[in-house]
Amino acid sequence: MTNKQGQNSVEPIRDLEKIRMIKEYLLHQSYRDYFLFTFGINSGLRISDILPLRVMYV
C-alpha cells in the first residue's frame, strides 16, 4: 500500500506478548488507560469513538 503525502500508516499490534506487556504496564500506571486499551482492542473501536462514550446509571 502506498502512502499519499501527509498520511500516516497505522498497523495493529498483533503480537499477543506485546499486548500482554502493554496491559500489565497500563494496569500499574492508570486503570483508566488500562480499561480504554482493553476495551479498544476487544471492541475494535478507535479511541476517537471510545472517548465520547459515557456511563449511564438507571
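User: Taking helices as DSSP runs of H or I with at least four residues, numbered from the N terminus, how many helical turns separate F35 and F39 in helix 2?

Analyst: The model is a predicted one, and in it helix 2 covers residues 31–43. Because F35 and F39 stand four residues apart in that helix, their separation is about one helical turn.

User: How are helix 1 and helix 2 oriented, roughly parallel or roughly antiparallel?

Analyst: The two helices pack with their axes 6 Å apart and at an angle of about 150 degrees. Since angles over 145 degrees fall in that class, helix 1 is, relative to helix 2, roughly antiparallel.

User: How do the residues of the contact of helix 1 with helix 2 divide into nonpolar, polar and charged?

Analyst: Helix 1 contributes I19, I22, K23, L26, L27 and Q29, while helix 2 contributes Y31, D33, Y34, F37, T38 and I41. By class, these residues of the contact are eight nonpolar, two polar and two charged.

User: Is the ring pair of Y31 and Y34 tilted or stacked?

Analyst: Searching the whole structure gives two aromatic pairs. For Y31 and Y34, the ring centres are 5.8 Å apart and the planes meet at 35 degrees; stacking would require planes under 30 degrees apart, so this pair is tilted.

User: And the rings of F35 and F39, are they tilted or stacked?

Analyst: F35 is partly exposed at a relative accessible area of 44%, and F39 is partly exposed as well, at 29%. Their ring centres are 5.7 Å apart and the planes lie at 20 degrees, so the pair is stacked.

Technical notes:
Residues numbered from 1 in each chain as written. Predicted model: local features only at pLDDT ≥ 70, side-chain atom pairs only at ≥ 80, totals over all residues. Heavy atoms only, no water. Expected span 1.5 Å × (residues − 1). Axes fitted to C-alpha atoms, helices over the stretch in contact; angles between N-to-C directions. Parallel < 35°, antiparallel > 145°, perpendicular 65-115°, else oblique. Contact = heavy atoms within 4.5 Å. Nonpolar A, V, L, I, M, F, W, Y, C, P; charged D, E, K, R; others polar. Phe/Tyr/Trp six-rings, centres within 6.5 Å; stacked < 30°, edge-to-face > 60°. Buried < 20%, exposed > 50% of the residue type's maximum accessible area, 1.4 Å probe, protein only.
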